[in-house]
Amino acid sequence: MRDVFVLAQFRYFSKIMESTLHHFEQLDIRTGTIKEARVFEKAHKPAYQLLIDFGVEIGIKQSSAQITQFYQPQDLMGMQIIALVNLPPRQIANFISECLVLGTLNSDGSVVLLKPQQPTANGLKIA
């Protein structure tokens, strides 16, 4: 009887893992390089407007990022980052944000950007 229970649990958890992995695979997370960064004057919370190069396949996308606590616009230029690129565009004030730059969220709300440890080509998929 115990073997039947263990087998049922295994099948249940296998389906959950397949579903979770399927959802993760739907996220298109890529490497990119920030080409331009400027203060987003019309944002309600301090933010920057970024132009990010994701390589030939995806091209250049723009993003609004609330990353002002640890970064200055001039420091962001040329920085490689990791971003979610298959979200629908979102209007923020007078700006259309086309991707979500990823980072860790500290308890005080500040963000530390995720970035490759080594230089990589733009547009590489995160697995």
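**Entry 1: Gln117**

I located Gln117 in the segment after strand 9 (111–113); strands (E, at least two residues) and helices (H or I, at least four) are DSSP runs, numbered from the N terminus. The model is a predicted one, in which local features need pLDDT of at least 70 and side-chain atom pairs count only at pLDDT 80 or more, while totals for chains, interfaces and linings use all residues. Residues are numbered from 1 along each chain as its sequence is written, and side-chain values use heavy atoms, with hydrogens and water left out.

I looked up the accessibility of Gln117 and found the residue exposed, with a relative accessible area of 78%. The classes are buried (under 20% relative accessible area), exposed (over 50%) and partly exposed (in between), with a 1.4 Å probe and protein chains only.

**Entry 2: salt bridges**

How many salt bridges does the structure hold? I recorded 4, each being a side-chain nitrogen of Lys or Arg within 4 Å of a carboxyl oxygen of Asp or Glu.

I examined Glu36 and Arg38, which form a salt bridge with their closest N and O atoms 2.1 Å apart. Glu36 is partly exposed at 32% relative accessibility, and Arg38 is likewise partly exposed at 36%. Elsewhere, salt bridges with shared partners join Asp28, Arg30, Glu57 and Lys125 into one network.

**Entry 3: Arg30 and its partners**

I then followed Arg30 within that network. Asp28 forms a salt bridge with Arg30, and the closest N and O atoms are 2.5 Å apart. Is Asp28 buried or exposed? Asp28 counts as buried, at 16% relative accessibility. Arg30 is buried too, with a relative accessible area of 9%.

The side chain of Arg30 also meets that of Glu57 in a salt bridge, at 3.5 Å from N to O. This pair links distant parts of the chain, as Arg30 is in strand 1 and Glu57 is in helix 2 (residues 55–58), 27 residues apart. I noted that Glu57 counts as exposed, at 67% relative accessibility.

**Entry 4: nonpolar surface patch**

Where does Leu27 lie? I placed Leu27 in the loop between helix 1 (2–26) and strand 1 (29–39). Leu27 is partly exposed, with a relative accessible area of 35%.

Leu21, Phe24 and Leu27 form a nonpolar patch on the surface, with about 260 Å² of accessible area together. Accessible areas come from the Shrake-Rupley method with a 1.4 Å probe; for residues, only the protein chains shown count as cover. Patches are made of residues with over 30% relative accessible area and no salt bridge, joined within 5 Å for nonpolar side chains (Val, Leu, Ile, Met, Phe, Trp, Tyr) and within 9 Å for like charges.
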